[in-house]
Amino acid sequence: QVQPVESGGGLVQTGGSLRLSCAASGRTFSSYIVGWFRQAPGKEREFVVAVSASGGETDSADSVKGRFTISRANAANTVYLQMNSLKPEDTATYYCAASTWRLVQGLPRFQYQYMYWGQGTQVTVSS
């Protein structure tokens, strides 16, 4: 069992950058797929990006492709979300989640495929 904890959220202007971190206790964090989801006020929580346990495979939602990058440092039990060229529509609470769901192809994108969730960190992009 792992407990993800997010950090790094804040207020940034349109076009700016932020890096979110997801740290987790437990030596097994490196064996989990990790995903980032976000939820804006009045909207459903949506998939953003995911990274495989090894870090060798990633997947991104079309809305963030080319702007957001996920990476992980397993020695530090930490996953990072680098967000560039931020837009007001990126404003949301961002959640880190861990999964053991294995697919024949690709990485999990649905909330039910993720077992452990952090409390979230707020990202606000001003126009």
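Which pattern does the protein follow, read along the sequence? The pattern is β-β-β-β-β-β-β-β-β-β-β.

**Before you click**

This is a predicted model, in which local features need pLDDT of at least 70, side-chain atom pairs count only at pLDDT 80 or more, and totals for chains, interfaces and linings use all residues. Residues are numbered from 1 along each chain as its sequence is written, and side-chain values use heavy atoms, with hydrogens and water left out.

**Stop 1: the whole chain**

Show everything as a cartoon. The secondary structure comes to zero helices and 11 strands. Both element types are DSSP runs, numbered from the N terminus: helices are H or I with at least four residues, strands are E with at least two. The radius of gyration is 13 Å, close to the 14 Å that the globule rule gives for 127 residues, so the protein is as compact as a globular protein of that length. That radius is taken over C-alpha atoms, and the rule is 2.2 Å times the number of residues to the power 0.38. Along the principal axes, the C-alpha atoms fill a box of roughly 40 × 25 × 25 Å.

Now switch to a surface. The protein exposes about 6500 Å², with carbon and sulfur atoms supplying 48% of it. These areas come from the Shrake-Rupley method with a 1.4 Å probe. Of the 127 residues, 46% count as buried, meaning under 20% relative accessible area (1.4 Å probe, protein chains only).

**Stop 2**

Pick serine 71: the bridge partner in E8 is tyrosine 80.

**Stop 3: the disulfide**

Which residues does the disulfide join? Select cysteine 22 and cysteine 96, S to S 2.0 Å. A disulfide here is a pair of cysteine sulfur atoms within 2.5 Å, and the count comes to one. The link is left-handed, with -75 degrees about the S-S bond. Are the two cysteines buried or exposed? Cysteine 22 and cysteine 96 are both buried.

Definitions and conventions: Buried means under 20% relative accessible area, exposed over 50%, partly exposed in between (1.4 Å probe, protein chains only). Two strands pair if DSSP finds at least two bridges between them.
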